[in-house]
Amino acid sequence: MTNLPLKTYGYLVLLLVLLCSCASPIRNMSHQELLDSKDDFVARYQDDLVLISTKSAARLRQEYVNSTADKEQSYDILVLSGGGEMGAFGAGFLHGWGKVEQGEYQRPDFDSVTGISTGALIAPFAFVGSKKAYNDIVDIYQQPNKNMVIKRMFLAFLAGNDPYYDATKLHQTIRDSITANYVKEIAENAKQNKLLIVGATNLDFGVMRAWDLGSLAINYSENKAKDAITTRLIASSAIPGAFPPVNINKYLYVDGAASMQMLSGIDDISWLYNEDTPFPYIQGNKPVKIRIWVIINNKLVMDPEITKLTWSEITKRSIVSLMHSSILQTIQGVDLFARMANTRKDLDVQMHFVAIPQNFNIPITENLFDPDTMHSLIELGKKMGANPNSWQKKTPRPGASIIDVKNALD
């Protein structure tokens, strides 16, 4: 979750500087132990990625072989970005999308769902895909507890390592939202080789760590799976400095958006360069169809604002600019993948994306989860989700995005 009130960015930057000079708790891991554990971390991560690719390939084949004249094959990937409270837009959009009852823009049964930060919190509900699931995620964003996060006293930071906010109630809300029934439904979908992937940033190695939550639901007992899933959701949405980091298997994790704003859902693309098809089951001239649906819980371009000549404001605006650039670069990368894939006769790849319109006014408040703001974003999302024309295909250029976005509005 990455959308903090403007003043908060300045406070957090200041606090980080101040805290550098303060005593910090000692972790039970030496630098040498960290270095010694790297190979094991990499090996485990590689095993997870291989399993994800294997499941994806199996699901793709399953969908293709079982397709009929009445049911066209399509492997559908949903990508949910970060955006903090603006995740209310994505929750509303998914709900409204259900009103499209026919045609190529009808909300699909997703084969793969990926989420970062606030997108990670939405992802399990989109993965389950039931009417109740879409209603539940809207309710979570629609009715935020006014004390969801509580700002700590400023001087409290100087004595230790407490984060800017007390996020106890937020974390409990996340744990309560993933019920035993949802764990079971996640496991059932995962048994069909569907993927539910969320990412958090491993601070010790400085890398993104993606997990398939469906595998956790299958391989762990119900209670252990619930704990493992919610722990990773909390880690993915742990804004650095604002919320506490999460310890998972002795490593510290924070918001996935500290690494990237979106997980594209496409892992290894090296096979694109091979002449041999990775789809030996293809029949005749019928290509494998992949559709990538990207929901951006933010605007494509940051709103204009006169930047004050203070180091905190300059730093804050720079960080926000980096976040928007990350979004643009990711969707351009997905678009490039689609274009490369479509040079092959065995593939038909489509990429669609949607974002909060540039001309939509998002009120600036000191409340991290402002009910009025979230309600307006949900209603906007519902309206846009029900309108197939909301989807875009032409991606703006990262280096000149403001020109492309302006032209699209004119």
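Visitor: Where is serine 117 found?
Guide: Serine 117 sits in the loop that joins strand S2 (112-116) to helix H4 (118-128). Helices (H or I, at least four residues) and strands (E, at least two) are DSSP runs, numbered from the N terminus. This is a predicted model, in which local features need pLDDT of at least 70, side-chain atom pairs count only at pLDDT 80 or more, and totals for chains, interfaces and linings use all residues. Residues are numbered from 1 along each chain as its sequence is written, and side-chain values use heavy atoms, with hydrogens and water left out.

Visitor: Is it buried or exposed?
Guide: Serine 117 counts as buried, at 0% relative accessibility. Buried means under 20% relative accessible area, exposed over 50%, and partly exposed in between (1.4 Å probe, protein chains only).

Visitor: What about its phi?
Guide: Serine 117 is not a glycine, yet its phi is positive, about 60°. Most residues other than glycine have a negative phi.

Visitor: Which residues does the "active site" annotation cover?
Guide: The unreviewed UniProt entry gives Ser117 and Asp255. They span 139 residues in sequence, yet no two of their C-alpha atoms are more than 5.8 Å apart, so they gather at one spot. UniProt positions are given in the numbering used here, feature names are shortened, and annotations may be inferred rather than shown by experiment.

Visitor: And with what does the side chain of aspartate 255 make a polar contact?
Guide: Its partner is the side chain of serine 117, at 3.0 Å. A polar contact is a pair of N or O atoms within 3.5 Å; within protein, one must be able to donate a hydrogen and the other to accept it, and residues adjacent in sequence count only if both atoms are side-chain atoms. Aspartate 255 is also buried, at 1% relative accessibility.
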